[in-house]
Amino acid sequence: MEETVEDPPTSAVLLDHCHFAQVIFNSVEKFYVPGGDLTCYYTLTQHFIPQRKDWIGIFRVGWKTVREYYTFMWVTLPVDLNKGSEKQQEVQFKAYYLPKDDEYYQFCYVDMDGVVRGASIPFQFRPESDDDILVVTTQGEVEEIDQRNKELYQENQELKESYVSLQKRNSDIQTELQKMQGLQEELETLKNINRTLEQKVKEQKDCWERELLQLREQNQKICSENEKMGIRVDQLQAQLSTKEKEMEKLIQGDQDKTEQLEHLKKENDQLFLNLTDQRKHQKKLEQTVNEMKQKETSSAKRLQELTDQNFDLSRRLSEKELIYTTLQRDNETVQGENDLLKRENSRLLSYMGLDYDNLHYQVSASAEGGAQQKQVLVYGNPYCGIQESSSPSLASIRKCPSCTMDFEEEHTLAQHVQAHYLDCPICAKSFPRSQKQIFEDHVLCHSL
């Protein structure tokens, strides 16, 4: 038996049922037990010649075209196609390819042109049961079966008429044989033909009777099923009415949504106009912002210039403060030295027997009495030689508060004192050079 390696030839057209009797399926059970292989037995009548691409398929009852097969197997051609006697053939379906549900199925013999040549009675795949078989079919199939019964009946009548005609012809031939002894051989031949025709008519009649019985059983089952289908139709009509009401509600809802959509479109147009006005206003604002940015840039430049000037003034102020502090320290030092000299002078005058207060009074009176006259002490001025020998005066000498270096010029002293300090480039704060690490930490804090 050939394997199912390709799709069988099919046709989308459901042909006339008169061809169904050319292949007869034998020993078809009402049901088959699932899980086992299925052997299909069939007989080819003399009116049909099998071909290489013929196949037998299993169809669910209610099929319309041969494309609706569930599974199929290629048929095996008989050894001798020329023999006139009918011989039972078989094909085996493997359990793996058989249906697993309990629907009704039937065998159909399909030739290489996609024409159905024979169909079996329905059967099921289920465990053994005494329940009757129910065939699910439609009203159209019932009408097709009735039409087929009429056609089979008409063919039966034609065969009967043919049989009567053949009998009459046989009688005529026998009469002629009695008259003509010389045609005895022809008579024997006609008798053989007559017997063959009678056998064929009998076999065809038996076949039609079996099919008629099967069709009657199917007709009864179809009538029972039609009653169930009528109940189902009523249920479907009720459901259809409910669906129509739901559809009306959906249509009304769609109309409401359409009206809302129109309203939203109008609002969208109004919003678009408002958006256009806002964009124009935004452009004006952007122009104003640009002008303000330009003014801000100019102000920032001016602020930077003022900051730089402020920084320069702060630095100069720090320098002046530092110089003032230095001068103040120098003044305090000179004042201390002056007080020391006064005490020393008073001590020396006391040692010489002179009163410092009276001497001071005399010096003042002499200065008032005579201009540019030198005061002559009784015992002379012990510091006169020292003062005259010193080239710079005490007031003209300046000392650095850090290294005690003497400077005659104030500008030179300020530059020297500034060299002992480190100025912050950001806030102009001054730090002694001995505190360099503190100065670096201070500058780093400005960058954080």
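**Core packing and aromatic pairs in a predicted model**

First, the chain as a whole. It has 448 residues, and 24% of them are buried. Its secondary structure consists of 6 helices and 13 strands. Among contacts with a separation of 6 or more, 65% join residues 24 or more positions apart. The accessible surface of the chain is about 32300 Å², and carbon and sulfur atoms contribute 51% of that area.

Let me turn to the interior. In soluble globular proteins, nonpolar side chains tend to be buried together. Which members of the largest nonpolar core touch the most other members? The core has 21 residues, and those members are Tyr 42, Ile 56, Phe 93, Phe 107 and Tyr 109. At least two core residues come from each of strands E1 (23-26), E3 (38-44), E4 (55-60), E6 (88-93), E7 (104-110) and E9 (123-125). Of these, E3 gives the most, with 4 residues. Apart from this core there is another, of 10 residues, which includes Phe 20, Trp 63, Val 66 and Val 110.

Leaving aside residues up to four places away in sequence, Ile 56 touches, among others, Phe 25, Cys 40, Tyr 42, Phe 72, Phe 93, Phe 107 and Tyr 109. Its partners also include Thr 71, Met 73, Val 75, Val 91 and Cys 108.

Next, the aromatic residues. Over the whole structure, 19 aromatic pairs are found. Why is the pair of Phe 25 and Phe 107 classed as stacked? The ring centres are 5.9 Å apart and the planes of Phe 25 and Phe 107 meet at 25°, which is under the 30 degree limit, so the pair counts as stacked. This pair links distant parts of the chain, since Phe 25 belongs to strand E1 and Phe 107 to strand E7, 82 residues apart. Both partners are covered: Phe 25 is buried at 9% relative accessible area, and Phe 107 is buried at 1%.

Phe 72 and Trp 74 have another geometry. Their ring centres lie 5.3 Å apart and their planes stand at 90°, so this pair is edge-to-face. Lys 53 lies over the face of Trp 74, 5.0 Å from the ring centre.

I close with the cysteines. How many disulfides are there? The count is 0. Cys 40 is in no disulfide, and the nearest cysteine sulfur, that of Cys 108, is 9.9 Å away. With the cut-off for a disulfide at 2.5 Å between sulfur atoms, Cys 40 and Cys 108, at 9.9 Å, are therefore not a disulfide pair. Cys 40 is buried, with a relative accessibility of 1%. Cys 207 is buried too, at 5%.

Thank you for your attention.

Definitions and conventions
Residues numbered from 1 in each chain as written. Predicted model: local features only at pLDDT ≥ 70, side-chain atom pairs only at ≥ 80, totals over all residues. Heavy atoms only, no water. Core = buried A, V, L, I, M, F, W, Y, C linked by side-chain atoms within 4.5 Å. Buried < 20%, exposed > 50% of the residue type's maximum accessible area, 1.4 Å probe, protein only. Contact = heavy atoms within 4.5 Å. Areas by Shrake-Rupley, 256 points an atom, 1.4 Å probe, with all protein chains shown as cover. Phe/Tyr/Trp six-rings, centres within 6.5 Å; stacked < 30°, edge-to-face > 60°. Lys NZ or Arg CZ within 6 Å of the ring centre and 35° of its normal.
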